Amino acid sequence: MTAPMNSASGPDRAARDEVAALLPVPPERALPAGVHRHHKDKLMQLIDNDQAAASAPRRRPRVRPALLVPAALAVAGALVVVLGTGSDGQPGAGPAKGNRIEAQNQQGAIVLLDRIAAAAEETRPAKVRADQFVYVRSLQTGNQGDFNGRVEVTPAAPREVWMSQRPGPALRYGLIHQDGDYFPIEEGVPDGETSKGTPESIHRPTYTWLAGLPTDPDALLDLLYAQTEPSDVTDAHQAVFEAIGNLIAETVLPPANAAALYKAAAKLPGVTEVADAVDAKGRHGIGIARVDPFSSVRTTWVFDRKTLSYLGQRDTLTKDTFRGDAGAFLGASAVLERGIVDAERERP
């Protein structure tokens, strides 16, 4: 991306820098699909907001939360502001009925996530050495199109990820195979600067790091809020919801920690149950969803109805925007295989 013109200054430059910061990173530092789609959605929302502002004389500025709701009170005390749904992407019929349905769906999410946590805790722990790689094969759909028209969803395509389990900071810590090419996952080093690499964290989770996370849901939420960053186009709760979703989708989780993540998700305000959700492979299941209050995108995790294992994710719009109408499909994923391998490009 070219640098901003030297003549830009003040608010114009600040706005340009904000948008530039949200653009997808170059191929030399490929992002996980969920993170890439998140940043793309935020960029599209900024453009949507600019278009709306052009047609309205005034617009109330967005307000970032001044402080985080304590995790123990998040579900019980939060005001639900998303639309009531009985299935993925279908608005409720009227405010009163929608609020009742939403409350039922939120209570349903708490019960469902507790069941999912119990099932996850019964799975067998993986045996992972520090010199090995976590392998995840999936299907991914994305969207494309110019910023003056509605998005066009791309067909589902295969994606493979190899994540290094070596402890300590690493400059290169994985590999992505997508669209016929291989892209290293690495810490970029700007010209004239040095980097010690990316340490183990929520942004580079190894099995050992995940196993060291708190298993108490409240303590885990504190850590997740600390390691995720809300912005002017998302809130702290959505940032944590998306971070949990990325861990569920693209890692191998120790059973106790998987259970803790699901229990932590149940404490987030605005999390609801979806009666019928579909992943990128077309598999129907039950869902856990949350609506991003700024982009109006509903992100839904899809789980198998019988085993309660994670199947994939689905993103839809909850209101009409220049990107599409309420209920429009934006993208999806489907996890097909996970495993532990000894080298990049090796399959289980």
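How do strand 8 and strand 9 pair, and over how many bridges? Strand 8 and strand 9 (residues 297-303) run in the antiparallel sense and pair over six bridges; strands count as paired if DSSP finds at least two bridges between them. This is a predicted model, where local features need pLDDT of at least 70, side-chain atom pairs count only at pLDDT 80 or more, and totals for chains, interfaces and linings use all residues. Residues are numbered from 1 along each chain as its sequence is written, and side-chain values use heavy atoms, leaving out hydrogens and water.

- Seven of the eight residues of strand 8 (residues 284-291) are buried, meaning under 20% relative accessible area with a 1.4 Å probe, protein chains only.
- Strands are DSSP runs of E with at least two residues, and helices are runs of H or I with at least four, numbered from the N terminus.
- Strand 7 (residues 272-278) also pairs with strand 8, in the antiparallel sense over five bridges, and Ala277 has Gly285 as its bridge partner.
- Five residues separate strand 7 and strand 8 in their hairpin, and Gly282 in the turn has a positive phi of about 90 degrees.
- On the strand 9 side, Ala289 stands opposite Thr300.
- The hairpin of strand 8 and strand 9 has five residues between the strands, with Ser296 at a positive phi near 60 degrees.

**A look at Arg204**

- You can find Arg204 in the loop between strand 6 (181-186) and helix 5 (207-211).
- The backbone oxygen of Gly168 lies 2.5 Å from a polar atom of the Arg204 side chain, and for the backbone oxygen of Thr198 the distance is 3.3 Å.

How values were computed: A polar contact is a pair of N or O atoms within 3.5 Å; within protein, one must be able to donate a hydrogen and the other to accept it, and residues adjacent in sequence count only if both atoms are side-chain atoms. Buried means under 20% relative accessible area, exposed over 50%, partly exposed in between (1.4 Å probe, protein chains only).
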